[in-house]
Amino acid sequence: MGFSRVKARRGRGNFVTASAANQVGMKRYAVRLGGALAFLVLLLIASPGVGTESSSVGWWDAWRAQLGLTISTEQLAGSALADLDGDGVISGDERDGFVVLARTIGFSQRFARSLLALQVGITLALCGATFQVLFRNPLATPYTLGIASGGSLGALIALRVGWMGVVAGVSMMSIASFGGAVGVVLLVLFIARGSRRLTSNELLLAGVTLGLFCSAMMVFVTAISNERVTFVIVRWMMGSLDPLRSVEGAMLFPMIVPAWIVLMLVSRSLNQYRLGDELATSRGVNVLWLQLVCVGVCSLATAAIVAQCGPIGFVGLVVPHIAGLLVGNDCRVLLPASAIIGGAFLILCDWASQVSMRVAGEVMGRHLGSATLPIGVVTAIVGVPIFLILLRRRLGS
Amino acid sequence: MLQLDDVRFGFKSRPDFLGPVSLSVCPGECWAIVGPNGAGKSTLLRLMAGLHKPRSGRISLDGVKLSRVGVRGRAKRVAFMPQATSQSHDFNARELVLMGRFPHRSLGLFESAGDVAIAERAMTRTETLCFADRLVATLSGGEAQRVHLAAALAQEPGLLLLDEPTASLDLQHQISIFSILKETASRDDRAVVVVTHDVNLAANYCTHVLLLHEGKVVASGAPAEVLSPERLEPVYGVKLAEARVGDTEQRWVFPVSKRDADGGTS
């Protein structure tokens, strides 16, 4: 068996050795996927220990508190955070207080934040990978169809008009943003509907144009706003991963999880689609239907995210390219790889956004205005160099 | 069996582009569709593949109207190899051939061992197994074309439709592709329809020939009858010479010069 595998890797096997080579290929991807998944799990395990506050709640303290493991007073000796009265001795009450604190900071704040980053990262990367296949364009992202611009415009209008209330636990701004994003998608699909054959380039152009229009309208709304509203608008545009209230989280989840499932289910058809419309059709893929389903679920998922977190760029653009380098272009492997890497990428970016402001503040010796760097800034700082390097490589080869 | 009865087709700008065409393709037959550029060869092939719907007339597959067969069911029985194969060459040869198994799987993301075996049989047949793990983009035109042919064979269709599979290939690859097609028809008892510009290859390897000119069928039947210089000269507008090579019965046709309107040579 060992011999046949070696032979097969060199690519000159007969039946048996060649099928062994196929198994080896699959296994190699499985190892890389598994490795990425393990890395992601490690990030999640460590996440209760990373945050803006320079407090001494470590990830292990948080996990012990959350899992109900006993933390003895001796273990907390010397912890300034637990020693509330400053007498150098940890009493039983102080220990109980620390457990509650560790649970709150570690899980209600940091872990919840990382979970949100995970969901957003998975969704944006999956949709990015899908759009790049769908439009046969390596620069396509979930935002290409003007979804982010539409969502932003919706939120801006809500801000300007003053719809700041909360309906059924969801902020009016989120609802308006979602409405704007979905509106743009429906308009794009309506434009594309005319022709029986939904050609991708036309759809792309329609989306880009509508996106530009929405951007112009955003400038208009900002121009006629007062200083206070302008400030809120600018903050929102920066993107944020602040933990959601449970109601908002409950709204996000049903919008994005179906997209994950649907995209994985159509991954085989997407492979065929990459061979060209005619070949895919002759193999039994309904190309029009595939395009509609993918654009539909990706748009809804992205709109839900834009509504909650503001526009977060570069995840959907960069991550699929990294995943492609790691596992190749078979969509059945590429999509899950993009999802895992996207989740990990955004968690790391979120950590960087929190830690960098703290570190910068400590270096400069004063408290900086905001506790976190906007997530969109970090994804751009990390994503743009990666993307340019990838582009450079592509030009070089 | 694929049956075409009085099939007509046209585009918005040219509503009477093609037809009427009547034809029946049976298992074991290898049909060549020949004719000048713009004669409607590829359009006819696409009609057979179900990629276009006929304006009038009827196309039926084993007695059932083609448009009623359903996309997945059609894909299991009819394989189509377009002229400009593959916009995406990011797959290696084995992956590309395995993708030909797509219509046969309903559940599960990955191919079964049976699919892998079928794909490898197709690759052995087309002599592509030796570069199974290379990216299709790195293969030569002839090698890539054989890989695409293997993918079509792996689809295990009753009817194999190919649009100019030997365009821009060298002599050796032309012969190799056509002998695979001939073998597929005669040995596996499948039906093959191939669009080609090479009348000599068609004459040598195909059992039947359909000659198209300006959307109309000029002649159809055995190669020796259809591909005579008398039939071909007015269609192509050239003067042709005919020769026998060695002591075979096979006649070869060569273009000699441009043909004048009155039929004489210039």
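This is a predicted model: local features need pLDDT of at least 70, side-chain atom pairs count only at pLDDT 80 or more; totals for chains, interfaces and linings use all residues.

Guide: Start with two strands of chain B, β7 (residues 159-163) and β8 (residues 191-195): they run parallel and are joined by five bridges.

Visitor: Which residue stands opposite B:L161 in β8(B)?
Guide: That is B:V193. Also, B:L159 stands opposite B:A191.

Visitor: How does the chain get from β7(B) to β8(B)?
Guide: The chain goes through α7(B) on the way. This β-α-β crossover is right-handed.

Visitor: What does helix α7 of chain B touch on the sheet?
Guide: Helix α7 (residues 171-188) touches β3, β7 and β8 of chain B. Its direction makes about 150° with that of β8(B).

Visitor: How many bridges pair β3(B) with β8(B), and in which sense?
Guide: Four bridges, in the parallel sense. One residue to look at is B:W31, whose bridge partner in β8(B) is B:V193. B:V193 also stands opposite B:L161.

Visitor: Is β8(B) largely enclosed or open?
Guide: β8(B) is largely enclosed by the rest of the structure, because five of its five residues are buried. Buried here means under 20% relative accessible area.

Visitor: Which way do those residues of β8(B) point?
Guide: B:A191, B:V193 and B:V195 point one way. B:V192 and B:V194 point the other way.

Visitor: Zoom out. What is the strand order in the sheet?
Guide: The order is β6-β7-β8-β3-β9-β10, in chain B. These six strands form an open sheet with mixed pairing. The edge strands are β6 (78-81) and β10 (216-221), each pairing on one side only. From one strand to the next, the twist averages 15°.

Visitor: Which strands does helix α1 of chain B lie across?
Guide: Helix α1 (residues 41-49) lies across β3 (30-34), β6, β7, β8 and β9 (208-213) of chain B. Helix α1 runs at about 150° to β7(B).

Visitor: New topic: holes. How many cavities of 30 Å³ or more are there?
Guide: The count comes to four. The largest cavity has a volume of about 50 Å³.

Visitor: Which residues lie closest to the centre of the largest cavity?
Guide: A:L279, A:R283, B:F80, B:M81 and B:H148, out of ten lining residues. Elements giving two or more residues to this lining are β6 and α6 (141-154) of chain B.

Visitor: Which element gives the most?
Guide: α6(B), with three residues.

Definitions and conventions:
Residues are numbered from 1 along each chain as its sequence is written. Chains are lettered from A and ligands numbered from 1 in the order in which they are written. Side-chain values use heavy atoms; hydrogens and water are left out. Two strands pair if DSSP finds at least two bridges between them. Axes are lines fitted to C-alpha atoms, for helices over the stretch in contact, and angles run from 0 to 180 degrees between N-to-C directions. Contact means heavy atoms within 4.5 Å. Buried means under 20% relative accessible area, exposed over 50%, partly exposed in between (1.4 Å probe, protein chains only). A crossover is right-handed if, with the strands pointing away from the viewer, the path from the first strand over the helix to the second runs clockwise. On a 1 Å grid over the protein atoms alone, a cavity is a set of points where a 1.4 Å probe fits but cannot get out, and a pocket is an open set with protein on both sides within 12 Å along at least five of seven lines; lining residues have an atom within 4 Å of a point. Grid points are joined across faces, edges and corners, and a volume is the space filled by probe spheres set on the points.
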